[in-house]
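Please look over the sequence and the structure below before reading on. The paragraphs that follow go through the model part by part.

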Amino acid sequence: FDHMGTEATLSDGRKFQMRAEVGLLTRNVRIVGNDYKELDEELFGARVLVGEFEQDDITYTGYARFGNVEFARAGQEGWFDNFDPRYAIAYLDTGDTVNAGGKAGAKESFVKKCSFNYNYNSAIGVFGSNNIAIEDNVIYNFINNGIFDEGERNKITGNLVTMGQSIARIKNQGLNFEFFGCINIKRAKETVLMNNVMAGCAQGGLYTI
């Protein structure tokens, strides 16, 4: 495909560049939901949940690092509560993660340089999980929020988030007043938000209040 760009000149002589963002959706490592006859009606795809559970009085806390992974046909529409977030990826009650620079064995979680292509819910959700890096991801064609953060000190930087759809519009729910955005940090604390591109989401780009 051709990618166009141009330079425009204002009446006072100032110039500025206009370029389109380009996002690569394909990756060699893929997590792909099952393709079945009723999929377009049920909107029920794959999901990855990183959480915490207790067994025999022992608490197990999950950590997960995703880099250069493609998620396709992921997420399950209708389950977006913070106690059961059926997103493409959700971190749920994992507490604080460490910045270990990818060191083996470290309790470090991140989502970096991944792609999310045709998702039936939000792409990335973070709930009760802190200090997670969400960097340089491409998120395309999803329902509700692209990235939903309810944690603390998470770093959302360099992501391209576009083509978000509202379930109220998809299912003609005229009395559904839920508001979603490309990135939703309404209930997050101390979020680092830098150099993200948000465009074409059904109700808003950035949801902060």
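Which two cysteines form a disulfide, and how far apart are their sulfur atoms? The pair is Cys182 and Cys201, with 1.8 Å between the sulfurs. A disulfide is a covalent bond between the sulfur atoms of two cysteines; here the term is applied to a pair of cysteine sulfur atoms within 2.5 Å. Searching the whole structure gives 1 disulfide. The pair links distant parts of the chain, 19 residues apart: Cys182 sits in the loop between helix H2 (167-170) and E18, and Cys201 in the loop between strand E20 (197-199) and E21. Helices (H or I, at least four residues) and strands (E, at least two) are DSSP runs, numbered from the N terminus.

Before going further, some conventions are needed. This is a predicted model, in which local features need pLDDT of at least 70 and side-chain atom pairs count only at pLDDT 80 or more, while totals for chains, interfaces and linings use all residues. Residues are numbered from 1 along each chain as its sequence is written, and side-chain values use heavy atoms, with hydrogens and water left out.

Back to the cysteines. The torsion about the S-S bond of Cys182 and Cys201 is about 110°, so the disulfide is right-handed. Cys182 and Cys201 are both buried, where buried means under 20% relative accessible area, exposed over 50%, and partly exposed in between (1.4 Å probe, protein chains only). Cys114 has a relative accessible area of 0%, so it counts as buried.

Next come the strands. Two strands pair if DSSP finds at least two bridges between them. An open sheet is formed by 6 strands in the order E4-E9-E12-E15-E18-E21, with parallel pairing. Its edge strands, each pairing on one side only, are strand E4 (48-50) and strand E21 (206-207). Within the sheet, strand E15 (residues 147-150) and strand E18 (residues 183-184) are parallel and share 2 bridges. Ile147 has Ile183 in E18 as its bridge partner.

Strand E12 also belongs to this sheet, and two of its residues can be followed in detail. Phe127 is in strand E12, and its relative accessible area of 2% means that it is buried. Phe127 and Asp149 are 22 residues apart in sequence, and their C-alpha atoms are 6.5 Å apart in space. Ser129 is in strand E12 too, and it is buried because its relative accessible area is 0%. The side chains of Ser129 and Thr94 are joined by a polar contact of 2.7 Å. A polar contact is a pair of N or O atoms within 3.5 Å; within protein, one must be able to donate a hydrogen and the other to accept it, and residues adjacent in sequence count only if both atoms are side-chain atoms.

Asn121 lies in the loop between E11 and strand E12 (124-130). With a relative accessible area of 0%, Asn121 is buried, and its side chain reaches the backbone oxygen of Gln76 at 2.8 Å.

Strand E14 (residues 138-143) takes part in other pairings. It runs parallel to strand E11 (residues 115-119), with 3 bridges between them, and Asn117 has Tyr140 in E14 as its bridge partner. Strand E17 (residues 160-165) is also parallel to E14 and is joined to it by 5 bridges; there, Ile139 is partnered by Val161. How much of E14 is covered? Of its 6 residues, 5 are buried.

Asn141 is in strand E14 and has a phi near 65°, a positive value in a residue other than glycine. Asn144, in the loop between E14 and E15, is not a glycine either, and its phi is positive at about 75°. The relative accessible area of Asn141 is 10%, so it is buried; Asn144, at 5%, also counts as buried.

Strand E5 (residues 52-55) and strand E6 (residues 58-61) are antiparallel and share 4 bridges, with Glu52 opposite Thr61 in E6. The two strands form a hairpin with 2 residues between them, and Asp56 in the turn has a positive phi of about 55°.
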